[in-house]
Amino acid sequence: MTEIDKTAEIALKTLQNLSEEDFAKDYAEAHYGEIVTTEWMVVHLLTHFDYHLGQINYHRRFFQKGDE
């Protein structure tokens, strides 16, 4: 949990320090061969993270039902 908290803090500080111009720039690496903006990549990473949170929540509920 400590490492998750540290990672969240780093991500928040990083995002807070990005300007509108930074978001409009091309991301440093191509995404499957396609040039995308930093804004696009941030949204992509957020939705990907949410997908995994949904998986974790599903498994949590599944295993909680087994404890009842």
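How many salt bridges does the structure hold? The structure, which is a predicted model, holds three salt bridges. Beyond these pairs, this briefing looks at a pocket with a volume of about 340 Å³, the largest pocket of the model, at a nonpolar surface patch of about 310 Å², and at a loop between helix H2 and helix H3 that includes Thr37.

- Side chains of opposite charge can pair when their charged atoms come close.
- Glu3 forms a salt bridge with Lys6, and the closest N and O atoms of this pair are 3.5 Å apart.
- Glu3 has a relative accessible area of 53%, so Glu3 is classed as exposed, whereas Lys6, with a relative accessible area of 45%, is classed as partly exposed.
- Lys13 is paired with Glu9 in a salt bridge whose closest N and O atoms are 3.2 Å apart.
- Because Lys13 and Glu9 are four residues apart in helix H1, about one helical turn separates them.
- Lys13 is partly exposed at 48% relative accessibility, and Glu9 is also partly exposed, with a relative accessible area of 45%.

**The salt bridge of Asp22 and Lys25**

- Asp22 forms a salt bridge with Lys25, the distance between the closest N and O atoms being 3.4 Å.
- Asp22 counts as partly exposed because its relative accessibility is 21%, and the limit for a buried residue is under 20%.
- Lys25, with a relative accessible area of 47%, is partly exposed as well.

**The loop between H2 and H3**

- Thr37 is found in the loop that runs between helix H2 (20-24) and helix H3, and Thr37 is partly exposed, with a relative accessible area of 26%.
- Although Thr37 and Lys25 are twelve residues apart along the chain, their C-alpha atoms are separated by 5.4 Å.
- Tyr32 is found in the loop between H2 and H3 too, and with a relative accessible area of 79% Tyr32 is exposed.
- The backbone of Tyr32 has a positive phi of about 50 degrees, although Tyr32 is not a glycine.

**The largest pocket**

- Rolling a probe the size of a water molecule over the atoms shows where empty space is left.
- The largest pocket has a volume of about 340 Å³, and its lining is made by 13 residues, of which Ala11, Leu15, Leu45, Leu46 and Phe49 lie nearest its centre.
- Helix H1 (2-16) and helix H3 are the elements that give two or more residues to this lining, and the largest share, six residues, comes from H3.

**The nonpolar surface patch**

- Phe49, Leu53 and Ile56 make a nonpolar surface patch of about 310 Å².
- Phe49, one of the residues of this patch, is also among the residues that lie nearest the centre of the largest pocket.
- Leu53 is found in helix H3, which covers residues 38-67.
- Leu53 has a relative accessible area of 39%, so Leu53 is partly exposed, and this value meets the need for over 30% that applies to patch residues.

Key: Residues are numbered from 1 along each chain as its sequence is written. This is a predicted model: local features need pLDDT of at least 70, side-chain atom pairs count only at pLDDT 80 or more; totals for chains, interfaces and linings use all residues. Side-chain values use heavy atoms; hydrogens and water are left out. Patches are made of residues with over 30% relative accessible area and no salt bridge: like charges are joined within 9 Å, nonpolar side chains (Val, Leu, Ile, Met, Phe, Trp, Tyr) within 5 Å. Accessible areas come from the Shrake-Rupley method with a 1.4 Å probe; for residues, only the protein chains shown count as cover. A salt bridge is a side-chain nitrogen of Lys or Arg within 4 Å of a carboxyl oxygen of Asp or Glu. Buried means under 20% relative accessible area, exposed over 50%, partly exposed in between (1.4 Å probe, protein chains only). On a 1 Å grid over the protein atoms alone, a cavity is a set of points where a 1.4 Å probe fits but cannot get out, and a pocket is an open set with protein on both sides within 12 Å along at least five of seven lines; lining residues have an atom within 4 Å of a point. Grid points are joined across faces, edges and corners, and a volume is the space filled by probe spheres set on the points.
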